[in-house]
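Dear colleague,

Please find below the structure I promised to pass on to you. My notes on what turned up in it follow directly after.

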Amino acid sequence: MRPKRRPWPIPARCACCAAGFGARPNTSRSGSRAMDGYRPGQAPVSIAMRAMPANLQAEQSLLGGLMVNNKALDGVAEFLAADHFADPVHAAIYAAIQRRVEAGQTADVITLRPEFEAAGTLSPAGGVAYLAELLVHNVSVRNVPAYARLVHDAWLRRQLARACDSAISQALGEGGEITAPEVLDGLEESLTALADKRQGREASAGGDVATQVIEEMFGAIARRGGLAGITTGYRGLDRMTGGLRGGQMVILGARPAMGKTALLAGIAARAAAAGARVYFWGGEMLASAVMARLVAAAADLPLEAVTRGAMPEGESLRPLRTEDEETYRLRQQALRVGALPIAWDDQPALPVAVLRQRLRRHKRRHGLDLVCVDYLGLLRGGADAQRQSRYAEMSEISRGLKAIAMELQVPVVAAAQLNRANEGRENKRPQLSDLRDSGDIEQDADMVWFLHREHYYLQNGRPRRASHKSEEQYFAALGEWQRQLEAEEGKGELIIAKQRQGRVGPVRLRWLAEQTFYLDESDADGALPAAGGAG
């Protein structure tokens with residue numbers, strides 16, 4: 001009789017114990033702390049010498065139960081995959097069962113036998129007779145979901161061990177030149193990816209969804225046309241959108257020098273002034289530089305007053321003194337802006353998975369209502385996406401931001417750079433096709449806004465004498481150009497190019513060049529309305 005097969009030990013790939021993890025502390029008579037079995041000059045015991053977490057009995061019982069009752073697969077296939085099995089033979093059997101059941105075929109010892117006989121996959125286990133042996137391990141079909149969760153738990157523990165192993169190897173300098181913050185970011189990214197692979201929430205019943213729709217409808221009636229979400233702080237924009245709602249991803253696209261950061265900071269500050277808890281990530285400017293703009297705008301003073309400590313007077317600058325009225329105003333507004341419920345994060349080149357982890361933690365500790373990202377192209381995707389292409393990386397970042405909005409139920413407003421296509425058109429207003437690097441941005445976004453200032457393009461479009469047949473034509477063109485330039489000065493336009501649940505069209509804004517800040521077209525409340533007054 002063939003001896004009963006023993007599943008082989010699972011190869012280990014974690015070296016956590018190289019740093020002392022997993023070993024019992026031992027204090028010698030001299031008071032020094034050492035690991036059991038350690039001798040001077042001897043390397044510490046590594047976790048690579050230990051078996052990785054695995055529950056082979058649960059794997060065997062699970063497979064036996066699935067072959068007895070294929071319907072049991074419905075309860076486990078949602079969260080359990082073939083690569084979750086520690087034993088590669090078990091992984092192959094599970095994949096075969098899943099493949100046949102999904103094709104509407106029976107998966108038992110008899111139907112699986114021909115497939116494995118031809119492939120020879122079960123040779124390490126003693127051949128196809130191992131399929132019948134698995135039936136002996138089946139205790140009860142009712143226990144299949146419990147066995148599946150034990151298998152999944154062991155897989156998750158192995159992944160955690162490998163993530164720690166990689167981080168420890170890098171921290172000890174085994175992975176080449178890498179800084180400690182980069183090691184930490186990589187570990188956070190790995191742990192976030194693991195968390196994302198866990199089982200999601202169950203589908204909602206139609207009646208529950210209908211109840212939610214009715215509640216939202218009556219809420220809208222009670223508001224009498226008021227905001228359905230968080231105010232942007234800009235009345236014209238709020239009228240078009242109804243405010244920013246949880247789960248939405250909004251893209252704010254523009255060419256350089258249009259004022260993306262200015263508008264994004266304005267939305268963050270005005271929403272915070274109305275009571276929203278905001279998280280602002282900026283990969284292009286320091287938090288202090290963004291806040292300087294808000295302070296200058298709130299004090300109604302030029303930005304140089306904050307950045308250079310001087311007031312422009314004609315062609316020169318007048319240095320400010322501590323006793324000047326302007327200095328007092330700037331200090332008061334700096335304290336006011338600093339008191340707003342905004343968390344400022346200016347760590348550059350942040351992986352989107354790490355940002356997701358930070359936002360989860362921030363919401364748990366402090367609450368969260370709105371996320372602002374400046375800008376999307378300065379976040380990083382995962383290592384695999386980076387190796388593929390910039391398109392793949394931007395697609396992953398876009399999906400990651402949408403996942404953040406859906407999971408945390410907060411609106412995410414992300415600035416994005418547009419390509420140069422509009423500069424070759426006579427009409428410079430941006431279009432959806434101008435979004436740079438990835439078409440997935442447009443697909444993932446619930447709303448797409450474009451920021452445009454015609455004055456910026458008119459400044460660079462002064463008529464040339466050589467392009468006109470006569471001086472009369474030239475001066476006529478020059479006069480028309482000057483008239484348009486004066487008419488467009490201080491004007492901005494926010495074009496809502498896409499909105500899944502609302503209208504599209506332009507919103508008029510005012511551009512404060514000295515403060516680099518946007519106001520409503522007819523804003524009478526100043527750059528930063530009183531608390532609770534936005535919208």
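Two strands are taken to pair if DSSP finds at least two bridges between them. Ala310 has Pro319 in β6 as its bridge partner, and the two strands form a hairpin with 2 residues between them, with Gly314 in the turn at a positive phi of about 65 degrees.

Before going further, please note that this is a predicted model, in which local features need pLDDT of at least 70 and side-chain atom pairs count only at pLDDT 80 or more, whereas totals for chains, interfaces and linings use all residues. Residues are numbered from 1 along each chain as its sequence is written, and side-chain values use heavy atoms, with hydrogens and water left out.

The protein chain holds 18 helices and 13 strands. Of its 535 residues, 45% are buried, buried meaning under 20% relative accessible area, exposed over 50% and partly exposed in between, with a 1.4 Å probe and protein chains only.

An open sheet is formed by 9 strands in the order β7-β4-β8-β9-β3-β10-β11-β12-β13, with mixed pairing. At its edges stand β7 (342–345) and β13 (517–520), each with a single partner strand, so one side of each has no neighbour in the sheet. On average, neighbouring strands of this sheet are turned by 25 degrees against each other, direction ignored; axes here are lines fitted to C-alpha atoms, for helices over the stretch in contact, and angles run from 0 to 180 degrees between N-to-C directions. Within the sheet, strand β10 (residues 447–452) and strand β11 (residues 491–499) run antiparallel and are joined by 6 bridges, and Val448 stands opposite Lys498 in β11.

Helix α10 (residues 287–299) lies across β4 (278–282), β7 and β13, running at about 140 degrees to β7. Helix α9 (residues 260–273) packs with α10 at an angle of about 70 degrees, their axes being 10 Å apart; the two are therefore roughly perpendicular to each other, a term that covers 65 to 115 degrees, while angles under 35 count as roughly parallel, over 145 as roughly antiparallel and the rest as oblique. Thr261, Ala262, Ala265, Gly266 and Ala269 in α9 meet Val290, Arg293 and Leu294 in α10, contact meaning heavy atoms within 4.5 Å.

Turning to helix α1 (residues 56–68), where Ser61 is found, 11 of its 13 residues are buried, so α1 is largely enclosed by the rest of the structure. The buried residues of α1 pack against α2 (88–102), α3 (109–119), α4 (129–137) and α5 (144–171). Ser61 counts as buried because its relative accessibility is 9%, and, leaving aside neighbours within four places in sequence, Ser61 is in contact with His137, Asn138 and Tyr147.

With best regards

Conventions. Helix = DSSP H or I, 4+ residues; strand = E, 2+ residues; numbered from the N terminus.
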